[in-house]
Amino acid sequence: MTERNGFLMKAIGLCVLALGLLLVGFQLIGDGFESLETMFVKVETPTTYRFDKYSQLLKEFVKDSSVDYANLKKSPLLKESMKEIAHISPAKMLDDKERLCYWLNVYNLIVIKEVADRFPITDLKQLGNDPTRRKFTVGGDKFSMQAVQMDKIRPLFNDNFPEEIFLMCGGAMGHPAILDHPVVPDRMDKDMKESAYRWVCDPGNVQFDKYNSRLDLGPYLQWHQGLFEKRYGSPIEFVMSFLTPEAQETIGNVAVIKGYGLPFNWTVNDLELKKRIEKAREEKEKLANPG
C-alpha cells in the first residue's frame, strides 16, 4: 500500500509539473502573439498630437458628463480611435504637458473601450481583473489600463497642480467626469479646475452637515492623497479651498469631524443609466414632498 501511495504521489507531482509547464507555455505563446502583433504596427512619433477620431467620439457620444455606451457600441469610431492610439507614440514629445495630455487621452479611451466591450454592465467592478490583465496596443507597445495609469500618468503629475487628477476618468460615477473633448495643453489648466470643481460640488463625493458638524468625502481623494500633500497638505484642505469663507470658518472649527465617510459610487458613467437614476431620485423627492 505504501509503494502504491508513493506512486500516486509521484504521478500527482508530475501532473502538477506538467500543468505548470503548460500554463507557462500558453503565457509564452500569448506574449509571442502580442510581440508579433506590435511588429506590424506602423509607428509615428510626432512632437505633438491631437486625437482626431477620439475627438469625434467624445463629441458625439459624451453628454452630460456621461457616455452613451448603447450607441457608441454601434459606431465605428471606437475601433478607429483605438487604431489611432495604436500607431502614435509619444517618444518624441519632449514637453511634459504634451506627454501628460497624450497619456490622459489614451487612458480615458482605454477605459471607454473596456466598459463598451462589457456593456451593458452597470457596475465598474464587473470588469474583474481586466484593468490589470487586458492589454491594448499604444504607440506600438502593449499596455494595460493600470500600467498606463501607474507607469505613464502618475510620474508626469505635477505636485503643484494636483487638480490634474481630475482629468483622468476611471469610468465610474465616483470618478472625475469624462470631458466631451480630448485633453490638450492649451486648455488643460481650465479643464482640470472646472473638473475639480464639478467633482467637489457633487454631493456623492463631498457632503457638509453643519447640524451634525461633519465634513465627509468619498474615498477617491484618499486613494490619491499623496498628490495633494505638497500644495494643500491634505485632500480635505483641498476640498475646503472650494468652499465659501463662511463654510471654511465653520469647518475649520476643531469640533467638526472630517473624514472619508462616503462610499465610492462604482456605477458605470452611462448616459441612460444616469438618466434613470436621476428620474428615480426626482420621483422619490416628489413622494417625500407631495405639496
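Helices here are DSSP runs of H or I with at least four residues, numbered from the N terminus. The model is a predicted one, in which local features need pLDDT of at least 70, side-chain atom pairs count only at pLDDT 80 or more, and totals for chains, interfaces and linings use all residues. Residues are numbered from 1 along each chain as its sequence is written, and side-chain values use heavy atoms, leaving out hydrogens and water.

Let us start with a pair of helices. Helix α5 (residues 96-118) packs against helix α7 (residues 145-153) at an angle of about 165°, and their axes lie 9 Å apart. The axes are lines fitted to C-alpha atoms over the stretch in contact, with angles from 0 to 180 degrees between N-to-C directions. Because angles over 145 degrees count as roughly antiparallel, α5 is roughly antiparallel to α7. Residues touching across the pair (heavy atoms within 4.5 Å) include W103 and Y107 of α5 and M145 and Q149 of α7.

A pocket is an open set of points on a 1 Å grid over the protein atoms alone, where a 1.4 Å probe fits, with protein on both sides within 12 Å along at least five of seven lines; lining residues have an atom within 4 Å of a point. The second largest pocket holds about 380 Å³ of space, a volume being the space filled by probe spheres set on the points, which are joined across faces, edges and corners. Of its 19 lining residues, the closest to the centre are Y107, M145, Q149, H175 and W266. Helix α7 gives the largest share of this lining, four residues.

The largest pocket has a volume of about 600 Å³. Its largest lining share, also four residues, comes from α13.

Key. Helices (H or I, at least four residues) and strands (E, at least two) are DSSP runs, numbered from the N terminus. Angles under 35 degrees count as roughly parallel, over 145 as roughly antiparallel, 65 to 115 as roughly perpendicular and the rest as oblique.
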